[in-house]
Amino acid sequence: MGVLCALVGGLAGLWVAQMAIGDGYTVFVIAAPVAAFLSGTLSWWLFVVRPRRCNWIRGAGAGATAAVLGHLLCWYILLVGAYVWHSLSGEAVAGGDVVINPLEAITAAGIYGAFSLLLIGWVTVPVGAILGILLSFMKKRSEGEYPAPA
């Protein structure tokens, strides 16, 4: 699930980098797939692997959860990255003078993540759910529960 989510996150990151107005949005090309991979892997583990139950409902839940967490985690990665950059170089990122520490970044990531869910979550959440459903069917087929079409 993590790899599939990372592919979608990479496409979303490219879209943001191309469509956003201003400078500094190219970092989404790195942060979005990393966040998507981590959230996809975690959600699949929580919904399917840990309970040892796989069905399309759990797959859809894992995918949708991965998409929502991916938005929040992406912003957290970006904010902490800006903090580390500022700590190492002394320069602010994206023209701002205010640097948010990693603890404050939790709240800020929640706010920014909610806003990004409004902007693009209407695409990423259903796509995540569809990926989860497809992956659950693939898992069932690989286990022999669904025979391959003749």
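Colleague: Why is Y25 called partly exposed?
Modeller: This is a predicted model, so every value is computed from predicted coordinates. The relative accessibility of Y25 is 30%. Buried means under 20% and exposed means over 50%. Y25 lies in between, so Y25 counts as partly exposed.

Colleague: And F28, buried or exposed?
Modeller: Buried. F28 has 9% relative accessibility. The cut-off for buried is under 20%, so F28 qualifies.

Colleague: What makes the pair of Y25 and F28 stacked?
Modeller: Two values decide. The ring centres are 6.1 Å apart, and a pair needs centres within 6.5 Å. The planes meet at 20°, and under 30 degrees counts as stacked, so the label holds.

Colleague: Why is the pair of F28 and W75 called edge-to-face?
Modeller: The centres of F28 and W75 are 5.3 Å apart, within the 6.5 Å limit. The angle between the planes is 80°. Over 60 counts as edge-to-face, so that is the name for this pair.

Colleague: How do you know that this pair links distant parts of the chain?
Modeller: F28 sits in helix α2 and W75 in helix α3. They are 47 residues apart.

Colleague: How many aromatic pairs are there in the whole structure?
Modeller: Three. Ring pairs join Y25, F28, W75 and Y112 into a cluster.

Colleague: What does V48 touch, beyond four places in sequence?
Modeller: R53, C54, R58 and K139. Of the residues V48 touches, C54 is also listed in the largest core.

Colleague: Which residues are in the second core?
Modeller: Among them are F28, A32, A35 and C74. This core is separate and has seven residues.

Colleague: Why does T124 count as buried?
Modeller: T124 has 13% relative accessibility. That is under 20%, so T124 is buried. T124 belongs to helix α4 (residues 102-142).

Colleague: How do you know that the span of α1 is close to the expected value?
Modeller: Helix α1 (residues 2-19) has 18 residues. At 1.5 Å a residue, 26 Å is expected from first C-alpha to last. The model gives 25 Å.

Colleague: Which residues of α1 are buried, and what covers them?
Modeller: The buried ones are G2, C5, A6, G9, G10, A12, G13, V16 and A17. Their cover includes α2 and α3.

Colleague: What makes the chain pattern α-α-α-α?
Modeller: The chain has four helices and zero strands. Read along the sequence, that gives α-α-α-α.

Colleague: How much of the chain is buried?
Modeller: Of its 150 residues, 33% count as buried. The accessible surface is about 9200 Å², with 72% belonging to carbon and sulfur atoms. Among contacts with a separation of 6 or more, residues 24 or more positions apart account for 69%. The C-alpha atoms fill a box of roughly 60 × 30 × 25 Å along the principal axes.

Definitions and conventions. Residues are numbered from 1 along each chain as its sequence is written. This is a predicted model: local features need pLDDT of at least 70, side-chain atom pairs count only at pLDDT 80 or more; totals for chains, interfaces and linings use all residues. Side-chain values use heavy atoms; hydrogens and water are left out. A nonpolar core is a set of buried Ala, Val, Leu, Ile, Met, Phe, Trp, Tyr and Cys residues joined through side-chain atoms within 4.5 Å. Buried means under 20% relative accessible area, exposed over 50%, partly exposed in between (1.4 Å probe, protein chains only). Contact means heavy atoms within 4.5 Å. Helices (H or I, at least four residues) and strands (E, at least two) are DSSP runs, numbered from the N terminus. Rings of Phe, Tyr and Trp (its six-membered ring) pair if their centres lie within 6.5 Å; planes under 30 degrees apart count as stacked, over 60 as edge-to-face and the rest as tilted. The expected span of a helix is 1.5 Å times one less than its number of residues. Accessible areas come from the Shrake-Rupley method with a 1.4 Å probe; for residues, only the protein chains shown count as cover.
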